[in-house]
Amino acid sequence: MLALCAGSFDPITLGHVDIIERAHALFGQVLVAVGTNSTKEYLFDYEQRMELVRGALGHLPGLKVEPLSGLLVDFAREHGATMIVKGLRFASDFDFELQQAHMNQSLTGIETVYLPASKGYVTLSSTIIRQVSKLGGDVSGYVPANVLEAITARRGR
């Protein structure tokens, strides 16, 4: 069964990695869709985000990373994904994601599975990582090594 995990991953965090690893353990195959959001100001460009995701998850056999455009359900159908996996941190995440899951299910029949964030990652977000790193803070405990390297290199510019 192919599960789909989607996000902008700017940058990918250890919380993202945890959800994707758990999805891989549950479903055997995972497709990670890296998308863009016109309302966000990105730290890394699209190609950099794709490479950082690949580098952070390269240890998972059979994992694929692809660019996402258009509707998530259309992308899922085109790639043969039968399940969308979402990580949840707070009740507000659930409120938002439930609306999307209902719409996705009604459009295509695809189901959504929710995985609660692991205890150590509940308050972690890419937004916080971007803010802390921009101000010179230490994010080493929250991102994969390849992401820390990219952030450090970016600061050195």
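Biologist: What makes strand β1 (residues 2-7) and β4 a pair?

Modeller: This is a predicted model, to begin with. DSSP must find at least two bridges between two strands. β1 and β4 have two bridges, in the parallel sense, so they count as a pair.

Biologist: What makes β4, α4 and β5 a unit, and of which hand?

Modeller: They form a β-α-β unit, and it is right-handed.

Biologist: Why is β4 called largely enclosed?

Modeller: Five of its six residues are buried, so the rest of the structure largely encloses the strand.

Biologist: What does G87 contact, leaving aside neighbours within four places in sequence?

Modeller: G87 is in contact with I19 and L115. By C-alpha atoms, G87 and E149 are separated by 25 Å, and they are 62 residues apart along the chain.

Biologist: Why is T112 called buried?

Modeller: The relative accessible area of T112 is 17%. The cut-off is under 20%, so T112 passes. T112 is found in strand β5. Leaving aside neighbours within four places in sequence, T112 is in contact with I84, K86 and A101.

Biologist: How many aromatic pairs does a search of the whole structure find?

Modeller: One.

Biologist: Why is the pair of F94 and Y114 called edge-to-face?

Modeller: The ring centres are 5.6 Å apart, and a pair needs them within 6.5 Å. The planes stand at 70 degrees. Over 60 counts as edge-to-face, so the label holds.

Biologist: What makes the pair of F94 and Y114 a tie between parts of the chain?

Modeller: F94 lies in helix α4 (residues 91-108), and Y114 lies in strand β5 (residues 111-116). The pair therefore ties together parts that are 20 residues apart in sequence.

Biologist: How do you know that F94 and Y114 are partly exposed?

Modeller: F94 has a relative accessible area of 34%, and Y114 has 22%.

Biologist: What makes R49 a charge over the ring of Y42?

Modeller: R49 lies over the face of Y42, at 4.1 Å from the ring centre. The distance limit is within 6 Å, so R49 meets that part of the test.

Biologist: How do you know that the size of the protein agrees with a compact globule?

Modeller: With 157 residues, such a globule would have a radius of gyration near 15 Å. The protein has 15 Å, so the value agrees. The C-alpha atoms fill a box of roughly 45 × 30 × 30 Å along the principal axes.

Biologist: What is the order of the elements from the N terminus on?

Modeller: It reads β-α-β-α-β-α-β-α-β-α-α. There are six helices and five strands.

Notes:
Residues numbered from 1 in each chain as written. Predicted model: local features only at pLDDT ≥ 70, side-chain atom pairs only at ≥ 80, totals over all residues. Heavy atoms only, no water. Phe/Tyr/Trp six-rings, centres within 6.5 Å; stacked < 30°, edge-to-face > 60°. Helix = DSSP H or I, 4+ residues; strand = E, 2+ residues; numbered from the N terminus. Buried < 20%, exposed > 50% of the residue type's maximum accessible area, 1.4 Å probe, protein only. Lys NZ or Arg CZ within 6 Å of the ring centre and 35° of its normal. Contact = heavy atoms within 4.5 Å. Right-handed = clockwise from strand over helix to strand, strands pointing away. Rg over C-alpha atoms; globule rule 2.2 N^0.38 Å.
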